[in-house]
Amino acid sequence: MRPIKHVEKGLTYIASGAFKAIKSVNQFKPNPSFTPKWADKPILKSWQKTKPTLGFPRTTDSLCPQCVIEAREDIISGKKDVSILVNDKVGEIKAQIIERDGQVWMVKECPQHGKIEDLMAVDSKFLTHIESLFPGRDMQAHNDEKLHNHGSSTIKYGRGAVLTVDLTNRCNMMCDPCFMDANQVGFVHELSMEDVKEILDNAISIKPRRQMSVQYSGGEPTLSPHFLDAIRYARKVGYNSVQAATNGIEFAKSKEFCREAAEAGLRFVYLQFDGIGNDANSHRQIGNLFDVKLRAINNLHEAGVDIILVTTLVNGINNDQVGSIIRFALENPKKI
Ligand code: SF4
């Protein structure tokens with residue numbers, strides 16, 4: 001180990017010792033917590049934060065994947081009402097999280113569909129380390145009784161997140177697989193401007209809401225006739241960061257569209273980006289897709305919109321592209 005590493009390690013021990021000492025003194029004579037302007041309740045002290053059971057073996061709540069599929073089919077076919085998801089604990093079963101041969105597995109048994117096993121971590125020591133870093137649950141959500149009402153899946157803690165709004169399930173591409181089955185379900189699901197406003201107005205009423213970002217997604221969100229108005233409205237009601245998850249085609253086609261989106265308040269795009277060169281993108285069935293990406297990046301950059309590359313890695317398809325994508329980002333620091 002280099003000498004500087006010993007110094008760093010020593011400093012880390014001193015700092016963590018001092019932190020623990022201050023923490024225990026604070027516990028006996030705590031200063032009052034303050035209430036930030038993005039919440040109606042005071043911030044929690046570290047010792048007030050609760051934790052779920054961690055480590056393994058442990059029992060946890062889980063779902064039977066087959067029961068979930070069946071419940072979804074029953075709802076879509078009209079056999080059952082969507083309210084079963086809130087009231088009936090559909091598909092919920094207990095699971096054991098266990099260590100086996102240095103790995104961590106989730107093992108569960110559905111009375112109807114039998115035993116299910118999922119690999120949770122390839123390295124149990126690493127997972128133990130990650131769990132030891134969990135700082136505890138954040139502030140409890142408030143003003144949210146009507147909106148956070150999703151049965152056992154209800155969000156209870158945290159200070160806001162990125163609100164993803166799927167504007168449409170249409171897309172100008174036909175990827176297989178597609179994370180959204182865009183164009184492949186036989187019906188169009190597209191939000192009206194009234195729907196968009198209702199979602200944004202409702203979500204902004206929840207507290208705490210320190211993080212106030214909206215991400216428009218889809219399908220391809222730029223195909224929605226309300227894309228620009230939706231950006232404008234989000235900024236108007238107070239979301240300070242508006243992003244779009246996009247394949248970039250519409251932005252590549254028109255500088256004017258990029259300028260309009262920037263003027264409406266678009267701050268970032270999450271640009272689908274699977275590799276360098278047209279060959280590395282050919283699995284998406286568009287011959288010149290990389291050229292399209294480059295043009296989208298240039299047009300968006302010119303308009304002042306920041307770009308985040310979003311890569312879907314598939315073993316055997318584009319896992320050899322990781323290094324090239326990172327190099328591409330490093331070589332284009334102003335744009336990416
Ligand atoms: S571009 Fe995205 S939304 Fe469109 S088909 Fe491909 S994966 Fe699906």
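Buried here means under 20% relative accessible area. Keep that cut-off in mind for the first stop. The model is predicted.

**Stop 1: Arg284**

Select Arg284. You are in the loop between strand E8 (268-272) and helix H9 (289-303). Arg284 has a relative accessible area of 11%, so it counts as buried. Leaving aside neighbours within four places in sequence, Arg284 is in contact with Met173, Cys175, Pro177, Gln272, Asp274, Leu289 and Thr312.

**Stop 2: the whole chain**

Zoom out. Colour by secondary structure and you have 10 helices and nine strands. The C-alpha trace spans about 60 × 60 × 45 Å along its principal axes. Of the 336 residues in the chain, 34% are buried. Turn to the contacts with a sequence separation of 6 or more: 66% of them are between residues 24 or more positions apart.

**Stop 3: helix H6**

Select residues 227-237, which make up helix H6. Which residues of H6 are buried? Highlight Phe227, Leu228, Ala230, Ile231, Tyr233 and Ala234. Next, show what covers them. The cover includes helix H5 (193-204), strand E6 (213-217), strand E7 (241-246), H7 and H8. Step just past the end of H6 to Gly238. Its phi is positive, about 120 degrees.

**Stop 4: H6 against H8**

Show side chains on both helices. From H6, pick Phe227, Leu228, Ile231, Arg232 and Arg235; they meet Phe257, Glu260, Ala261 and Ala264 of H8. By class, this contact has six nonpolar residues, three charged and no polar ones.

**Stop 5: the aromatic rings**

Stay with Phe227 and display the rings. The whole structure holds six aromatic pairs. One of them joins Phe227 and Phe251. How do these two rings sit relative to each other? The pair is edge-to-face, with 6.3 Å centre to centre and 65 degrees between the planes. Phe227 lies in helix H6 and Phe251 in helix H7 (residues 249-253), so the pair ties together parts that are 24 residues apart in sequence. Phe227 and Phe251 are both buried. Ring pairs link Phe227, Phe251 and Phe257 into a cluster.

**Stop 6: Arg100 and Trp105**

Jump to Trp105 and show Arg100 with it. The charged end of Arg100 sits over the Trp105 ring, 5.2 Å from the ring centre.

**Stop 7: Cys67**

Select Cys67, in helix H2 (residues 65-76). Buried or exposed? Cys67 has a relative accessible area of 13%, so it is buried. Show its contacts. Not counting residues up to four places away in sequence, Cys67 touches Val90, Gly91, Cys110, Gln112 and His113. Then draw a line from Cys67 to Trp38, C-alpha to C-alpha. The two are 29 residues apart in sequence and 39 Å apart in space.

**Stop 8: two cis peptide bonds**

Go to Phe56 and Pro57. A cis peptide bond joins them, with omega about 10 degrees. Pro57 is found in the loop between helix H1 (3-28) and strand E1 (58-63).

Move on to Gly218 and Gly219. The peptide bond from Gly218 to Gly219 is also cis, and its omega is near 15 degrees. Gly219 belongs to the loop between E6 and H6, which brings you back to the H6 region of the tour.

**Stop 9**

Where is Asn143? Look in the loop between helix H4 (124-132) and strand E5 (162-166). Asn143 has 38% relative accessibility and so counts as partly exposed.

Finish at Asp181, in the loop between E5 and H5. Asp181 is not a glycine, yet its phi is positive, about 50 degrees. Its relative accessibility is 38%, so Asp181 counts as partly exposed.

Note on methods:
Residues are numbered from 1 along each chain as its sequence is written. This is a predicted model: local features need pLDDT of at least 70, side-chain atom pairs count only at pLDDT 80 or more; totals for chains, interfaces and linings use all residues. Side-chain values use heavy atoms; hydrogens and water are left out. Axes are lines fitted to C-alpha atoms, for helices over the stretch in contact, and angles run from 0 to 180 degrees between N-to-C directions. Helices (H or I, at least four residues) and strands (E, at least two) are DSSP runs, numbered from the N terminus. Contact means heavy atoms within 4.5 Å. Ala, Val, Leu, Ile, Met, Phe, Trp, Tyr, Cys and Pro count as nonpolar, Asp, Glu, Lys and Arg as charged, and the others, Gly among them, as polar. Rings of Phe, Tyr and Trp (its six-membered ring) pair if their centres lie within 6.5 Å; planes under 30 degrees apart count as stacked, over 60 as edge-to-face and the rest as tilted. Buried means under 20% relative accessible area, exposed over 50%, partly exposed in between (1.4 Å probe, protein chains only). A charge sits over a ring if NZ of Lys or CZ of Arg is within 6 Å of the ring centre and within 35 degrees of the ring normal.
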